[in-house]
Amino acid sequence: MPVIRVDDLGKRYRLGQMQPYKTLRESLGRAISFPIRAALGTRDDLEERHQSREILWALRHVSLEVNQGEVVGIIGKNGSGKSTLLKILAQITWPTEGRVEFKGHVGAMLEVGTGFHPELTGRENVYLNGAILGMRKAEITRRFDEIVEFSGVERFLDTPVKRYSTGMYVRLAFSVAAHLEPDVLLIDEVLSVGDVDFQKKCLAMIKGFPESGRTVLFVSHNLWSVRQLCDRIVLLEDGRIISRGPADEVVAKYVGEGSGGIEESGTLDPFAVSVVGKGVGGYEIMAVRITDRDGNLANRFGISQGALAEITMNVKTAGVRPQFSLALFDDHRHRVFGSLNNTDPAYGEALEPGEYIVTCEIPADLLNNGLYSISLICGTLDGRDSQRLETVTKFECIDDGILRGDYKGEYTGALRPRLEWQTRKAGTS
Ligand SMILES: Nc1ncnc2c1ncn2[C@@H]1O[C@H](COP(=O)(O)OP(=O)(O)OP(=O)(O)O)[C@@H](O)[C@H]1O
Ligand SMILES: [Mg+2]
């Protein structure tokens with residue numbers, strides 16, 4: 001039985017018009033990152049945007065049915081229309097064309113503080129938010145302790161939420177939205193600002209929703225959690241649904257073989273297999289690709305996930321001892337780092353003929369979000385022969401938010417390593 005039915009939905013924006021609402025990133029990000037942006041002179045860009053009167057269809061011809069108890073993921077590149085779809089379903093904004101029908105209460109976790117009033121305390125906001133979700137006071141009181149416990153913000157319950165960190169906001173807002181038993185829960189990315197433990201708790205909770213007959217629409221760039229949670233995924237591109245179906249299939253289409261977003265953006269090719277058959281000193285490189293930690297091809301991965309560069313080679317002459325030097329470049333062709341395969345336990349071993357897979361770890365919590373490419377120098381240990389393979393593969397590292405805490409601004413630089421910080425009182429150890 002469909003609880004949500006979306007029929008030929010369209011949303012048109014006039015670029016440069018005043019935004020009728022603020023998004024999470026805008027409302028919080030602006031305050032924190034404004035001084036940085038102002039210093040960079042980005043004000044001009046803003047003015048330019050104001051003058052533009054271009055029309056943009058954020059969504060067009062979108063039809064979708066979601067059944068009771070389904071967990072449906074919505075994925076797609078930045079600006080593909082995911083948030084717009086959820087905002088229409090949550091009635092924060094209205095469609096330009098088409099129809100939406102749904103049954104029951106809708107709870108939305110679209111952005112931090114949707115329905116939260118900054119001057120009110122956490123306690124007051126739980127009641128306010130509950131009321132917005134259509135709950136009676138008695139119902140809210142009944143669930144109050146559970147909500148607070150799940151959120152972990154007990155100590156700050158009587159503090160106005162404007163003093164909360166982004167993470168605390170999200171914790172409380174998620175708890176309210178999830179515990180007040182909406183029939184449909186819309187979740188847009190926000191979980192990514194909570195810490196890892198809280199995210200796990202939320203994911204576990206969402207997983208249990210279908211059993212109680214609740215329906216979830218879940219937008220995220222974290223393909224790992226989307227895959228974990230969702231039975232079905234809808235892939236948006238430029239406001240249109242370009243693929244829908246079982247989670248694994250759609251994710252594979254999004255990241256995968258030849259149809260990845262990177263290729264379509266015109267800047268990069270997908271998994272480059274351009275080096276097929278490049279021979280050097282008794283072996284041939286068949287492919288250089290990026291995979292996730294389980295070995296699935298993936299040319300996008302989250303900053304906190306890391307990945308593997310995978311070299312497939314065909315050894316033709318017995319006794320070959322390959323040597324590789326891998327270099328990573330950022331989108332501006334700056335070299336980020338280089339690495340030799342001399343940490344491979346098989347380094348220096350004379351190989352039998354046959355096909356081999358060599359992997360090199362791209363560590364988690366190291367790269368910044370952005371596009372990267374890999375070049376490879378392939379040689380042999382005796383140094384007799386070597387060949388440079390430029391830009392053998394490219395990938396995108398996606399901001400999964402895990403390192404952010406409550407910071408919503410930009411991180412600059414080619415790297416975004418996770419570093420340990422500590423404060424101690426001078427004179428103590
Ligand atoms: N209020 C608005 N006024 C004008 N344009 C808007 C507005 N909201 C969204 N857009 C535009 O609509 C398009 C779709 O935006 P939307 O926020 O739905 O994308 P998204 O898929 O959620 O992206 P992200 O992954 O970055 O969150 C974008 O081009 C965006 O610039
Ligand atoms: Mg969005």
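1. The protein chain contains 10 helices and 18 strands. The model is a predicted one, and the points below should be read accordingly.

2. With regard to burial, 47% of the 429 residues of the protein chain count as buried. The accessible surface of the chain amounts to about 21,500 Å², and carbon and sulfur atoms account for 48% of that surface.

3. Which separations in sequence do the contacts of the chain span? When contacts between residues at least 6 apart in sequence are taken, 73% of them join residues at least 24 apart.

4. Helix H5 covers residues 137-151 and has a kink of about 50°, centred on Arg143. After H5 comes Gly152, which has a positive phi, near 70°.

5. Strand E17, made up of residues 370-380, includes Ser373. Is this residue buried or exposed? Ser373 has a relative accessibility of 5%, and because buried means under 20%, the residue counts as buried.

6. What surrounds Ser373, once its neighbours within four places in sequence are left aside? Ser373 is then in contact with Ala327, Leu328, Phe329 and Arg333, and likewise with Thr391, Thr393 and Lys394. The reader may wish to locate these residues in the view above.

Notes:
Residues are numbered from 1 along each chain as its sequence is written. Chains are lettered from A and ligands numbered from 1 in the order in which they are written. This is a predicted model: local features need pLDDT of at least 70, side-chain atom pairs count only at pLDDT 80 or more; totals for chains, interfaces and linings use all residues. Side-chain values use heavy atoms; hydrogens and water are left out. Helices (H or I, at least four residues) and strands (E, at least two) are DSSP runs, numbered from the N terminus. Buried means under 20% relative accessible area, exposed over 50%, partly exposed in between (1.4 Å probe, protein chains only). Contact means heavy atoms within 4.5 Å. Accessible areas come from the Shrake-Rupley method with a 1.4 Å probe; for residues, only the protein chains shown count as cover. The bend at a residue is the angle between axes fitted to the seven residues ending there and the seven starting there.
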